[in-house]
Amino acid sequence: MAARAMPERNWAEGLAGNGRASRSMERSASSKMCIFSRGTRFHTANRVLFFWSEMSLQDKFGRQITDLRISVTDRCNFRCVYCRSADPENYRDHDQILSWKELERLAKVFYELGIRKVRMTGGEPLVRSGAEEYVKYLSDLGFADLSMTTNGHLLAERCEGLMAAGLHRINISLDSLSPQKFEKITRTKSFNSVINGIDAVQKSKLGPAKVNAVMVRGINDDEVEAFAEFARDRGVIMRFIEFMPLDADRHWSRDRVVAAAEVFDRINARWPLVQIPHEKSETARKYRFADGAQGEIGLIAPVTQPFCGHCSRIRLTADGKLRTCLFSKDDHDLRAYLRDGASDGELETFIKSVVNEKEEGHHINDPGFVQPNRTMVFIGG
Ligand code: SAM
Ligand code: SF4
């Protein structure tokens, strides 16, 4: 597939590093510095760096790790074709899944290590009862950015409770605007529930909703303009995600990927787009409509425009494995440490050593690329 690059020169350079959270940590590190700051500016800078590296997670390539995706369940009420359609019902036994108490303890350890952004995901996070209480726990811990990705089926009735618990933002998956096609993609008849979920978010303080569509050639690539119109009509942030080789069906192929550049060109031809600045570690390139219409467009291009060089993310799977990349070949068994009675300090040391070895990048575009064993539903996107 000939993927044209998106207009890189228009992508305004955003705030360097890790945004709000990093800056507040830098501030707190430098205020701690005052008691030491008898020396020169050089010494002060060194000490700030010293405290920063002591407080935070960093890999051997110097990337600060501030974002954590926590998968709270491997179960899901959908069976999306690009995710789990061919997976058998091979959910982990309940005792293999981290309990809420274990998830709370780990969240605290990650907070101490400088994680400031947490996204709850799954499987489908809302099928596990207790999701709201966990949001409340995370919110009380003080995470600066607390979000969730959901398929939206249960969202309309849960939206208010999630907001009250302290959720800041929400992403909802919606891969077609046609109920019939939606049914084929998800193998459910939940189209109306998902739309109701999006409406509920739009009416709440959680809005504007981010609506995620995984674009798969031959399935929903005819809907690019319709999705853009949906963004304009509803005032949502419509995000187009490139199909990644993480599907259970193993149907991924390069020619099924709809490049973000194509999505950009098609929308821009109809409704000219204007770049919105983004932070370097953000996955999406963001655009508003030049004619002033409401809504936004986000393009996420892990296949054609990998953003590994600025990646600030790690993942905790529902069964307690730490993953440093979506495409990692190995998991790191945090659950075993936890259940063997490790102290917080031991957990921190383990996490730091795993993070240090975070992969420089994924190899989707290399000839010898091998699809990981875990499919998306068992990783947590
Ligand atoms: N069940 C929730 C949902 O669908 O929003 C959360 C979990 S799902 C694994 C998280 C995100 O991963 C969703 O936005 C989904 O569309 C995306 N996803 C799943 N499989 C994918 C694939 N093969 N390529 C790209 N994105 C994928
Ligand atoms: Fe379930 Fe989300 Fe995967 Fe669809 S994308 S099967 S809703 S986990």
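# A chat about a predicted model and its two ligands

Reader: Which parts of the chain supply at least two residues each to the shell around ligand 1?

Author: Strand S5 (145-150), strand S7 (210-215) and helix H12 (376-379) each supply at least two residues of that shell, where helices (H or I, at least four residues) and strands (E, at least two) are DSSP runs numbered from the N terminus. Please keep in mind that this is a predicted model, in which local features need pLDDT of at least 70, side-chain atom pairs count only at pLDDT 80 or more, and totals for chains, interfaces and linings use all residues. Residues are numbered from 1 along each chain as its sequence is written, while chains are lettered from A and ligands numbered from 1 in the order in which they are written.

Reader: ok, and how many residues surround ligand 1, and which are the closest?

Author: The shell around ligand 1 holds 20 residues, with Cys83, Ser173, Met244, Met376 and Gly381 as the closest; a residue is near a molecule if its C-beta atom, placed from the backbone, lies within 6 Å of it. By class, the shell around ligand 1 has 10 nonpolar, 8 polar and 2 charged residues, where Ala, Val, Leu, Ile, Met, Phe, Trp, Tyr, Cys and Pro count as nonpolar, Asp, Glu, Lys and Arg as charged, and the others, Gly among them, as polar.

Reader: What about ligand 2, which residues come nearest there?

Author: There are 13 residues around ligand 2, and Cys76, Phe78, Cys80, Cys83 and Asn151 come nearest. The shell around ligand 2 divides into 6 nonpolar, 4 polar and 3 charged residues.

Reader: Stepping back, how many helices and strands does the chain have?

Author: The chain has 12 helices and 14 strands. Of its 381 residues, 45% count as buried, a label given to a residue if 20 or more other C-beta atoms lie within 10 Å of its own, whereas one with 12 or fewer is exposed and one in between is partly exposed, with the C-beta atoms placed from the backbone. Among the contacts in the chain with a separation of 6 or more, 74% are accounted for by residues 24 or more positions apart, and two residues are in contact if their C-beta atoms, placed from the backbone, lie within 7 Å.

Reader: Could we look at Ser71: is that residue buried or exposed, and why?

Author: Ser71 counts as buried because 28 C-beta neighbours lie inside 10 Å. Ser71 is found in strand S3 (residues 67-71), and, not counting residues up to four places away in sequence, Ser71 touches Thr121, Gly122, Gly123, Leu316, Thr317, Ala318, Ile379 and Gly380. The C-alpha atoms of Ser71 and Val377 are separated by 9.0 Å, although these residues are 306 residues apart along the chain.

Reader: New topic, helices. At what angle do H8 and H9 pack?

Author: Helix H8 (residues 224-234) and helix H9 (residues 260-270) pack at an angle of about 60°, with their axes 9 Å apart; axes are lines fitted to C-alpha atoms, for helices over the stretch in contact, and angles run from 0 to 180 degrees between N-to-C directions. That makes H8 oblique to H9, given that angles under 35 degrees count as roughly parallel, over 145 as roughly antiparallel, 65 to 115 as roughly perpendicular and the rest as oblique.

Reader: Which residues make the contact?

Author: Val224, Glu225 and Ala228 of H8 make the contact with Val263, Arg266, Ile267 and Arg270 of H9. By class, this contact of H8 with H9 has 4 nonpolar, no polar and 3 charged residues.

Reader: And how do H5 and H7 cross?

Author: The axes of H5 and H7 come within 8 Å and cross at roughly 25°, which means that H5 is roughly parallel to H7. In this pair, Leu155, Ala156 and Cys159 in H5 meet Ser193, Asn196, Gly197, Ala200 and Val201 in H7, and by class the contact of H5 with H7 has 5 nonpolar, 3 polar and no charged residues.

Reader: Last one, about the backbone: which peptide bond is cis?

Author: The peptide bond from Gly207 to Pro208 is cis, with omega near 0°, and Pro208 lies in the loop between helix H7 (191-203) and S7. On a related backbone topic, phi of Arg250 is near 55°, a positive value in a residue other than glycine. Arg250 lies in the loop between strand S8 (237-242) and H9, and counts as exposed because 10 C-beta neighbours lie inside 10 Å.
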